[in-house]
Amino acid sequence: MKKEEEQTWILSTLYWQRNSGNCIKLDSNTNTRTCSRRPSGVCNVNQLIVTQAEVNFNLNETRNIQNRIPDCQESILQSGILSQGATSNSNTDTIKSRYSFQVVETCENVGIQPNSGTRLATFFEIQWLESPRGKISKAAKLIAANGFLPQSSRDKANSCLQLEFLEWEKELAQENNLNKILLEIALP
């Protein structure tokens, strides 16, 4: 029993450690630093590298949405998911040499003060906004709001939103499109 308690304590500590903190990303080409709510467990270069397995998963998720709701087709095309490819070995090397990462307790502790009416996305919100569902709903919101597009395109985007997405998903997509919920914020 003692060994089980010890293992539980170790696993709990590791889980807490991986899920704590915020993430600073430094771009050495532009000498800019941004901060996000990504925790220590994912605050590394791997967040910028896309594997073929991830591409396949995203395409499968996208196909499932398309099969359920054909009106989502234009939103899928506008989302950019279909043009996403896996990161090549040479691009991986470039990314690794260009970006570095640092875990901080909070973005606020390093000088981030979001403007009134804006905030940083939580890690859960980041994951959702970067998922196929997030990208498609953001595209559908943009299409639906664009008065320069044909009414039929806007109607299909609205149909996609109404039939496929939950209310909180539509709200999060809209808030991100309006820059009220941000994936990351540049450090001063």
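The largest share of the lining of the largest pocket, five residues, comes from α2. The structure is a predicted model, in which local features need pLDDT of at least 70, side-chain atom pairs count only at pLDDT 80 or more, and totals for chains, interfaces and linings use all residues. Residues are numbered from 1 along each chain as its sequence is written, and side-chain values use heavy atoms, with hydrogens and water left out.

**Pocket**

- A pocket is an open set of points on a 1 Å grid over the protein atoms alone, where a 1.4 Å probe fits, with protein on both sides within 12 Å along at least five of seven lines; lining residues have an atom within 4 Å of a point.
- Of the 22 residues lining the largest pocket, Arg38, Gln47, Glu54, Gln127 and Glu130 lie nearest its centre.
- Two or more lining residues come from each of α2 (52-68), α5 and α6; helices are DSSP runs (H or I, at least four residues), numbered from the N terminus.

**Nonpolar core**

- A nonpolar core is a set of buried Ala, Val, Leu, Ile, Met, Phe, Trp, Tyr and Cys residues joined through side-chain atoms within 4.5 Å, where buried means under 20% relative accessible area (1.4 Å probe, protein chains only).
- The largest such core has 20 residues, of which Cys72, Trp128, Ile136, Cys160 and Phe165 touch the most other members.
- Helix α6 gives the most to this core, with four residues.

**Lys138**

- Lys138 is found in helix α6 (residues 132-145).
- Leaving aside neighbours within four places in sequence, Lys138 is in contact (heavy atoms within 4.5 Å) with Leu129, Ala173, Asn176 and Asn177.

How values were computed
Buried < 20%, exposed > 50% of the residue type's maximum accessible area, 1.4 Å probe, protein only.
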